[in-house]
Amino acid sequence: MAFSSWIFLLTLELAVSVTLFFATASNVHIIYMGDRHPDKPQDSYHEILSTLLGREDAATSQILYSYKHGFSGFAAVLTQSQAELIAADFPGVVSVVPNRIFSLHTTRSWDFLQVTPSTVDGIISKSQSGDGSIIGIMDTGIWPESPSFRDNDMGGVPCRWNGVCQEGEEFNISNCNRKIIGARWYFKGYEAEFGKLNTSGRVEFLSPRDVVGHGTHTSSIAAGALIQNASFKGLAQGLARGGAPASRLAMYKVCWSTGGCSSADLLAAFDDAISDGVDVLSISLGSSTPLSSYVEDVLAIGSFHAVANGITVVCSAGNSGPFSQTVSNTAPWIITVAASTIDRAFPTAFTLGNNLTFVGQALYTGNHVEKLYPIVYGEDIASTDSDEDKARSCDVDSLNATLARGKVVLCFQSWLQRSPSVALASIMGAKGVGLIFAQLPTKDVAISSGIPCVQVDITVGTSVLIYMTTTRNPVVRFSLTKTTLGRQISPEVAFFSSQGPSSLSPSVLKPDIAAPGVNILASWSPASSLVPDVGQKQLPSLDFKIDSGTSMSCPHISGIVALIKSIHPDWSPAAIKSALVTTASVKDEYGGQSAVAEGAPHKQADPFDFGGGNVIPNKAADPGLIYDIEILDHTYFLCSMGYNDSAVSLMTRHQTVCDRETSWSQADLNLPSISIPELKKSLTVWRTVTNVGPVMSLYTARVEAPPGVIVVVEPAILSFNSTANKLKFKVTLHSILEVQGTYTFGSLSWEDGVHVVRIPLIVRPVIDDFYAET
């Protein structure tokens, strides 16, 4: 088990690349023992440790959690040698995994998605707003006083709910209501790794209360109540709401403001959530590459057991774009969400001393407007212990404070420093009064606290620089930010959104779907002002904030899943995922042009950017056909990954002897996509579709073949009736290339005149003798 302890970063504001910190060794290990064993008493865990340690009292003090609801195992404080002994000598142990520490990865967005709560006499129509569904959020906690979590006009707590409202610092049972029906907090794994949490000065609460803001934000996106005239300092003003405003929320606080989320705590939260009775789990966190195997990845393990219990698990794809093979949370039973833009912009004009006016984007409503300020180039004011390259991008501590004081600074992004927030922190630390940040085109806008931060493209930045070099005393004047709607083509896949293919299982298309994740307005924790960003001034207390990241796109899908679940309560997690993917759009909002992915340069979006496409919630409720998956199918998948029989058997609750000679391949997993990372000449894969539309239905296949590939579908017509609502078909793919190819993309659609059930085709042709000498 040669693993390091990892710290995974949930991105908050800027969705910069996920950073990964390595600890030398983990104090905590998770002993995962597979599916739940009702006949296995919890005392057996103590026996294992007592045998190992030689003392029963020592065993009791070392165990942090006993997992018993959805799966079996425990978390304990162990040395590396003790962990290795358990892995080697004790039967029934699937894996011993070092604790990992994860870190954190809307007035307009729901209108943009055309999700409008139906109201009758001012009361939300429960049948169309997620009533009956329970969304579990694993995050930094929740601010219960936020108006987004009022329970006006909501009925009683569902009788099937088994959860609790766990009290703690500044959080008691009265903070739960008919909207927040459950709240728990987990810290044992985190404290065992890093010591006691510091809660002095309200920088954290040992309770479900949120001091960061991230958990409050994601919760209100998924299921917040309707709030009139919400805004961020007057920007993006309008009606704020969650996607499923009638759904209930359960908060599982697993992340802390001091630096992350322990995997031992996360697995305990999964265990409780399965027992509590949630319908959806929304998890905006994940890992960077290299990815762990599915039998050693705590998030994959916990989500597997949740899905086996009928819970749909939705996760963020990560913020390491626009680079390929960076997507995280790639298990096939998870819905993995990319981030896309909406049609709202925040244009901010600035005028140079020669009266030329340019427009960038910013989120600024402060006092540094309509005044002339001197402007300098970052490269020209490098500090003595820095260099011009770092100063050009205004990297940390790269600017001469004397030369920056009282001035606006022009900075250009670099390969290593592409964050306007980092540049802003450097300028504020040097007592500058404004920032113009030139970067590759992106619609993601950074929050500025105290001084203007206007983001422009490289062309505009170059024009500003030319003015500065040809003028003796260059100056600039800022105008206030405005809010505009419908003036920019959307959706586009965000620059920061992590891309596929999966580096662990490329035959499983990831991400699955894209949803709004750029400049999203939602509720925030007022206490977050006490935890300012590095180098920036303390923010004023905020009830709403604009934020970006796949952390924001994830709860959009979670809210939509809750809506679908309230309409189709008997649908499996795989059926819901299929409905989302097969009805997604690959066009812009006007349906004309192909969707675009931000990058360097921008390009036509493909399945590695957004899976099936950008989500269309109203179509997902009526998909026509679904691609469903049984847990047994995931057993075959785990076998195909090469995991041993014992690990697969314990994880899936089925006694499994993996047939290494079987013809079953990962390509046959009944996913709503077909991804062939190595197509040698020809391959046939099978899929099964279930009719969830009119009983008597006739569907015809339509293929857009990937370039260089011939695709044949048999049969080409599917006829459903009262005795045949589930039909099987095969897809044969023939490569016509005689050279090694790159990934190419196409699609297969089943159409009945009303429904278009579309799945992506992803093929990479290869040749057997590619490495042979010529």
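Predicted model: local features only at pLDDT ≥ 70, side-chain atom pairs only at ≥ 80, totals over all residues.
Colleague: Why is Ala-246 called buried?

Modeller: Its relative accessibility is 7%. Buried means under 20%. So Ala-246 counts as buried.

Colleague: Where is Ala-246 in the chain?

Modeller: Ala-246 is in a loop. That loop runs between strand S13 (235–240) and strand S14 (248–253).

Colleague: What is Ala-246 in contact with, leaving aside its neighbours within four places in sequence?

Modeller: Ser-129, Gly-130, Asp-131, Met-154 and Lys-179. Contact means heavy atoms within 4.5 Å.

Colleague: Is Ser-553 buried or exposed, and how do you know?

Modeller: Ser-553 has a relative accessible area of 0%. The cut-off for buried is under 20%. Therefore Ser-553 is buried. Ser-553 is found in helix H13 (residues 550–567).

Colleague: Which residues does Ser-553 touch, not counting those up to four places away in sequence?

Modeller: There are two runs to look for. Val-337, Ala-338 and Ala-339 are among them. Ala-515, Pro-516 and Gly-517 are also touched by Ser-553.

Colleague: What makes S38 and S40 a pair?

Modeller: Two strands pair if there are at least two bridges between them. Strand S38 (residues 697–704) and strand S40 (residues 717–720) have four bridges, so they pair. Their sense is antiparallel. Find Tyr-699, and its bridge partner in S40 is Leu-718.

Colleague: How many bridges join S38 to S42?

Modeller: Five bridges join S38 to strand S42 (residues 744–751). At least two are needed, so these strands pair as well. They run antiparallel. Val-703 has Leu-748 as its bridge partner in S42.

Colleague: How do you know which strands S23 pairs with in the antiparallel sense and which in the parallel?

Modeller: Look at each partner in turn. Strand S23 (residues 372–377) pairs with strand S27 (residues 475–478) in the antiparallel sense, over three bridges. Leu-372 stands opposite Arg-477 in S27. S23 and strand S24 (residues 408–412) run parallel, and three bridges join them. There, Tyr-377 stands opposite Leu-410.

Colleague: Which residues touch the most other members of the largest nonpolar core?

Modeller: Met-138, Leu-281 and Trp-333, in a core of 62 residues. Helix H7 (residues 263–276) gives the largest share of this core, eight residues. A second, separate core has 38 residues, including Met-251, Val-280, Leu-563 and Val-615.

Colleague: What does Met-138 touch, not counting residues up to four places away in sequence?

Modeller: Among them are Leu-266, Ala-269, Phe-270 and Ala-273. Leu-281, Ile-283 and Leu-285 are also touched by Met-138.

Colleague: Which residues lie nearest the centre of the second largest pocket?

Modeller: Thr-583, Ala-584, Ser-585, Val-586 and Lys-587. The pocket is lined by 50 residues. About 1,100 Å³ of space lies in it.

Colleague: Which element gives the most to that lining?

Modeller: S42, with four residues. S38 is also one of the elements that give two or more.

How values were computed
Residues numbered from 1 in each chain as written. Heavy atoms only, no water. Buried < 20%, exposed > 50% of the residue type's maximum accessible area, 1.4 Å probe, protein only. Core = buried A, V, L, I, M, F, W, Y, C linked by side-chain atoms within 4.5 Å. 1 Å grid on protein atoms, 1.4 Å probe; cavity = no way out; pocket = protein on both sides within 12 Å on 5 of 7 lines; lining within 4 Å. Points joined across faces, edges and corners; volume = space filled by probe spheres on them.
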